[in-house]
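Visitor: I would like to learn how to read a few local features of a model, one at a time. Could you take me through them with the coordinates in view?

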Amino acid sequence: AWIRMHYVTAEEMKRVDDAAVSLGMPIQDLMRIAGNNIARLVRRFAEHKVTVLCGKGNNGGDGIVAAYHLATWGVSVTTVLAYPRLYYSTYLNQTITLLERMNNKLVVYESGGKTDDVQKAFASSELVLDSLIGYSLQGNPKEPIATLIRAANESKQNILAVDVPSGLDATSGRAYVPCIRAYATATLALPKRGIMLPAAREYVGKVYLLDIGMPAQAYEKAGVPYTTPFAVSEIVEVQR
């Protein structure tokens with residue numbers, strides 16, 4: 001049965017995230033659940049080799065955790081950090097270290113650096129996971145993210161975007177320059193309004209909604225209408 005869902009703006013989602021933290025929900029617990037469900041969705045599209053592009057925010061964190069889960073299932077993962085490791089939290093650095101110890105490739109991309117290593121990873125991958133920018137984007141993506149977006153699009157590989165395709169405005173659906181052209185988007189907690197708009201379709205692809213373990217009380221506290229869509233499954237394909 002299809003559940004009518006509220007499509008959230010970036011500002012509403014920020015209120016929900018803040019409310020969750022104020023209720024005592026650790027951000028890294030949300031990341032753990034999000035990362036696990038992202039990895040489970042990735043597995044539907046790829047089983048051998050995946051490249052994960054990670055920004056420095058919570059969105060990048062979701063990607064790093066997803067990479068870890070994929071690695072434990074035997075997928076060969078190349079994790080591309082858009083920034084040096086000091087930009088990532090202690091928790092994420094521990095996860096990155098674990099990935100390395102599990103013999104997975106790590107590429108720390110520096111702004112203005114060559115994309116050779118990244119392009120090599122794309123060439124041998126079945127899927128690229130885009131976790132560069134989340135719902136908080138304002139304006140055109142800057143370096144080093146912009147170069148990674150362009151390289152991902154040019155790779156002609158299927159791209160699964162986390163939450164919103166990097167470069168797309170989560171509220172208005174406007175595609176900034178450059179913007180990921182995703183095969184599918186794994187939006188988190190509730191669909192972002194922008195990805196559901198017709199103008200965004202060519203960037204968003206199929207839409208899947210993923211559970212991140214957000215308590216209903218966080219929506220209530222933030223004043224955002226909510227009925228759980230996850231009663232039957234924690235990954236729900238969203239019809240448009």
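Visitor: Which residues does T147 touch, once those up to four places away in sequence are not counted?

Guide: This is a predicted model, and in it T147 touches Y109 and T115 when residues up to four places away in sequence are set aside. T147 itself belongs to helix α6, which covers residues 145-154, and the side chain of T147 also makes a polar contact, at 2.6 Å, with the side chain of E143.

Visitor: What is the peptide bond from E143 to P144, cis or trans?

Guide: As a general idea, most peptide bonds are trans, and most residues other than glycine have a negative phi. Here the bond from E143 to P144 is cis, with omega near 0 degrees, and P144 lies in the loop between β4 (127-131) and α6. A cis peptide bond also joins V177 and P178, where omega is about -5 degrees; P178 is placed in the loop between β5 (159-162) and β6 (184-188).

Visitor: Why does N103 count as exposed, and why does D163 count as buried?

Guide: The relative accessibility decides this, because exposed means over 50% and buried means under 20%. N103 counts as exposed because its relative accessibility is 71%, while D163 counts as buried because its value is 4%.

Visitor: How should I read a helix, and which residues of α1 are buried?

Guide: An α-helix has 3.6 residues a turn, so residues three or four places apart point the same way. In this model α1 (residues 10-23) has 14 residues and reaches 20 Å from its first C-alpha to its last, close to the 20 Å expected at 1.5 Å a residue. The buried residues of α1 are A10, E12, M13, V16, D17, A19 and A20, and they pack against α8 (216-222). Just after α1, G24 takes a positive phi of about 105 degrees.

Visitor: What lies in the segment before α1?

Guide: T9 is placed in that segment, and T9 is buried because its relative accessible area is 10%. Leaving aside neighbours within four places in sequence, T9 is in contact with T171 and R193.

Visitor: How many residues make up the largest nonpolar core?

Guide: In soluble globular proteins, nonpolar side chains tend to be buried together. The largest nonpolar core here has 88 residues, and those with the most contacts inside it are I38 and M214. Helix α2 (residues 27-45) gives the most to this core, with seven residues. Apart from neighbours within four places in sequence, I38 is in contact with D62, A66, L129, V162, L188 and L210.

Visitor: In which sense do β2 and β3 pair, parallel or antiparallel?

Guide: Strand β2 (residues 76-81) and strand β3 (residues 105-108) pair in the parallel sense over four bridges, and the bridge partner of T79 in β3 is L106. Together with helix α4 (residues 90-101), β2 and β3 make a right-handed β-α-β unit.

How values were computed:
Residues are numbered from 1 along each chain as its sequence is written. This is a predicted model: local features need pLDDT of at least 70, side-chain atom pairs count only at pLDDT 80 or more; totals for chains, interfaces and linings use all residues. Side-chain values use heavy atoms; hydrogens and water are left out. Helices (H or I, at least four residues) and strands (E, at least two) are DSSP runs, numbered from the N terminus. A polar contact is a pair of N or O atoms within 3.5 Å; within protein, one must be able to donate a hydrogen and the other to accept it, and residues adjacent in sequence count only if both atoms are side-chain atoms. Contact means heavy atoms within 4.5 Å. The expected span of a helix is 1.5 Å times one less than its number of residues. Buried means under 20% relative accessible area, exposed over 50%, partly exposed in between (1.4 Å probe, protein chains only). A nonpolar core is a set of buried Ala, Val, Leu, Ile, Met, Phe, Trp, Tyr and Cys residues joined through side-chain atoms within 4.5 Å. Two strands pair if DSSP finds at least two bridges between them. A crossover is right-handed if, with the strands pointing away from the viewer, the path from the first strand over the helix to the second runs clockwise.
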